[in-house]
Amino acid sequence: MKGRIEKALNDQIKKEGQSSQFYLAMASWAETQGLSGTSGFMYKQSEEERFHMLKLVKFVNERGGKAIIPGFDTPPTEFDSVNNVFELLLSHEITITQSINDLVEVCLEEKDYTTHNFIQWYLSEQLEEEASARAILDKVKLIGEDKAGLYLFDRDLENSTIVAASANTVNPGA
Ligand code: OFO
């Protein structure tokens, strides 16, 4: 594996791990607010990001590179509101999508078509995650300051009806 590809993949390993920590912090905060639907959703997101990191670690090592297991910055411990959590989730996912796009660029420049192929999975994953974050944020914005609405939103998130609806938007008929 070329050094530039190895470095780009290792940078992505750190970003996926950092995403996992960020979402874990959101999950923990939501749990302390009694928002079990939101916390459950964020715990699951955190797990998924950890899986994305591990998948990259394996790929780098199996292709003759050396995965570097990174340290992480401490994520925030407080969030202003559920709205704030989902705004941060969406803007973070948009940043990660950009980072995956940059990785695709590097693969093409280095003519590494195997890694390019591997990264396609991350591209479609980002598409789904952004769509899901947008769908949830739209719902949160409708609720505004309404406490009863927030309760129902959190319950729906717990039952996954909001996420299922957004998955159908990305992948109709799936
Ligand atoms: Fe790793 O999928 Fe989003 O960030």
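Which residues have the most contacts inside the largest nonpolar core?

1. In this predicted model, they are Met42, Phe86 and Phe153. The core they belong to has 23 residues. Helices H1 (3-32), H2, H3 (82-109), H4 and H5 (147-158) each supply at least two of its residues. H1 gives the largest share, with seven residues.

2. Phenylalanine 86 deserves a look. Setting aside neighbours within four places in sequence, Phe86 is in contact with Thr38, Phe41, Met42, Ile136, Leu137, Val140, Phe153 and Leu157. Another core lies apart from the one above and has 19 residues. Among them are Met53, Leu56, Val104 and Phe118.

3. Next, a helix pair. H2 (residues 36-62) packs with H4 (residues 113-143) at an angle of about 170°. Their axes are 12 Å apart. Angles over 145 degrees count as roughly antiparallel, so H2 is roughly antiparallel to H4. On the H2 side, the contact includes Phe41, Gln45, Phe51, Leu56 and Phe59. On the H4 side, Phe118, Trp121, Tyr122 and Ile136 are among the residues involved. By class, the contact has eight nonpolar, five polar and five charged residues.

4. Finally, serine 46, which lies in helix H2. Is serine 46 buried or exposed? Serine 46 counts as buried because its relative accessibility is 5%, and the cut-off for buried is under 20%. Beyond its neighbours within four places in sequence, serine 46 is in contact with Ser20, Tyr23 and Leu24. The C-alpha atoms of serine 46 and alanine 25 are separated by 8.9 Å, with the two residues 21 apart along the chain.

Methods
Residues numbered from 1 in each chain as written. Predicted model: local features only at pLDDT ≥ 70, side-chain atom pairs only at ≥ 80, totals over all residues. Heavy atoms only, no water. Axes fitted to C-alpha atoms, helices over the stretch in contact; angles between N-to-C directions. Helix = DSSP H or I, 4+ residues; strand = E, 2+ residues; numbered from the N terminus. Parallel < 35°, antiparallel > 145°, perpendicular 65-115°, else oblique. Contact = heavy atoms within 4.5 Å. Nonpolar A, V, L, I, M, F, W, Y, C, P; charged D, E, K, R; others polar. Core = buried A, V, L, I, M, F, W, Y, C linked by side-chain atoms within 4.5 Å. Buried < 20%, exposed > 50% of the residue type's maximum accessible area, 1.4 Å probe, protein only.
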